[in-house]
Amino acid sequence: TDLSAQDSFVILACDGLWDVVSDQQAVQLVTECMRELVPVARRLEAEGRSMAEILARMLVEEALARGSGDNISCLVIFL
């Protein structure tokens, strides 16, 4: 997949995520979660927590909830 000017993040993950979450589902989950986190972003930053880490953990938890039995590694990288 090629990046475009509209892309704001990249999800880098192993098959433990992709076996149970489609690429479009992952993008939708991250986008929805980002909207929910915007109001508390400054507080999270003050606590030393990055939005990218929270979003990656959310995707890992989603994969586990969907029954992934494989290793799950995930990074969300903002562009």
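**Cysteines, helices and salt bridges in a predicted model**

Student: Let me start with Cys-33: buried or exposed?

Tutor: Cys-33 counts as buried, because its relative accessibility is 14%, and the cut-off for buried is under 20%. Keep in mind that this is a predicted model.

Student: How many disulfides are there?

Tutor: The count comes to zero disulfides. Cys-33 is in none, and the nearest cysteine sulfur, that of Cys-74, is 12 Å away.

Student: What about Cys-14, how far is its sulfur from the closest cysteine sulfur?

Tutor: That distance is 8.3 Å, and the partner is again Cys-74. It is too far for a bond, since a disulfide needs the two sulfur atoms within 2.5 Å. Cys-14 is partly exposed, with a relative accessible area of 24%.

Student: Back to the helices. Which residues of H2 are buried?

Tutor: Cys-33 is one of them, along with Ala-26, Leu-29, Val-30, Met-34 and Leu-37. They cover an arc of only 130° around the axis, so they sit on the same side of H2.

Student: And which exposed residues are on the face turned away from that side?

Tutor: Arg-35 and Glu-36 are the exposed residues carried there.

Student: How does the span of H2 compare with what its residues should give?

Tutor: It agrees: the 15 residues of H2 (residues 23–37) should span 21 Å at 1.5 Å a residue, and the end C-alpha atoms are 21 Å apart.

Student: Now H4. How far does that helix reach?

Tutor: H4 has 15 residues and reaches 21 Å from its first C-alpha to its last, close to the 21 Å expected.

Student: Which H4 residues are buried, and what covers them?

Tutor: Met-51, Ala-52, Ile-54, Leu-55, Ala-56, Met-58, Leu-59, Val-60 and Ala-63 are buried. Their cover includes S1, H1, H2, H3 and S2.

Student: What follows H4?

Tutor: Gly-67 does, and its phi is positive, near 90°.

Student: Let's go inside. In the largest nonpolar core, which residues touch the most other members?

Tutor: The core has 22 residues, and those touching the most other members are Ile-11, Leu-17, Val-30, Leu-55 and Leu-59. Two or more residues come from each of S1, H2, H4 and S2. H4 gives the largest share, eight residues.

Student: Changing topic: how many salt bridges does the structure hold?

Tutor: It holds three salt bridges. Glu-62 and Arg-66 form one of them, at 2.7 Å from N to O. In another, Glu-53 pairs with Arg-57, with the closest N and O atoms 3.1 Å apart. Glu-47 also bridges to Arg-43, where the closest N and O atoms are 3.6 Å apart.

Student: How many residues apart are Glu-53 and Arg-57 in H4?

Tutor: They are four residues apart in helix H4 (residues 51–65), so about one helical turn separates them.

Student: Are those two partners buried or exposed?

Tutor: Glu-53 is partly exposed, with a relative accessible area of 37%. Arg-57 is exposed, at 56%.

Student: Last one: where is Ala-41?

Tutor: Ala-41 is in helix H3 and counts as partly exposed, at 25% relative accessibility.

Student: And how far apart are Ala-41 and Met-51 in space?

Tutor: Their C-alpha atoms are 7.3 Å apart, while in sequence the two are ten residues apart. Met-51 is one of the buried residues of H4.

Terms used. Residues numbered from 1 in each chain as written. Predicted model: local features only at pLDDT ≥ 70, side-chain atom pairs only at ≥ 80, totals over all residues. Heavy atoms only, no water. Salt bridge = Lys/Arg side-chain N within 4 Å of Asp/Glu carboxyl O. Buried < 20%, exposed > 50% of the residue type's maximum accessible area, 1.4 Å probe, protein only. Expected span 1.5 Å × (residues − 1). Arc of directions from axis to C-beta. Core = buried A, V, L, I, M, F, W, Y, C linked by side-chain atoms within 4.5 Å. Contact = heavy atoms within 4.5 Å.
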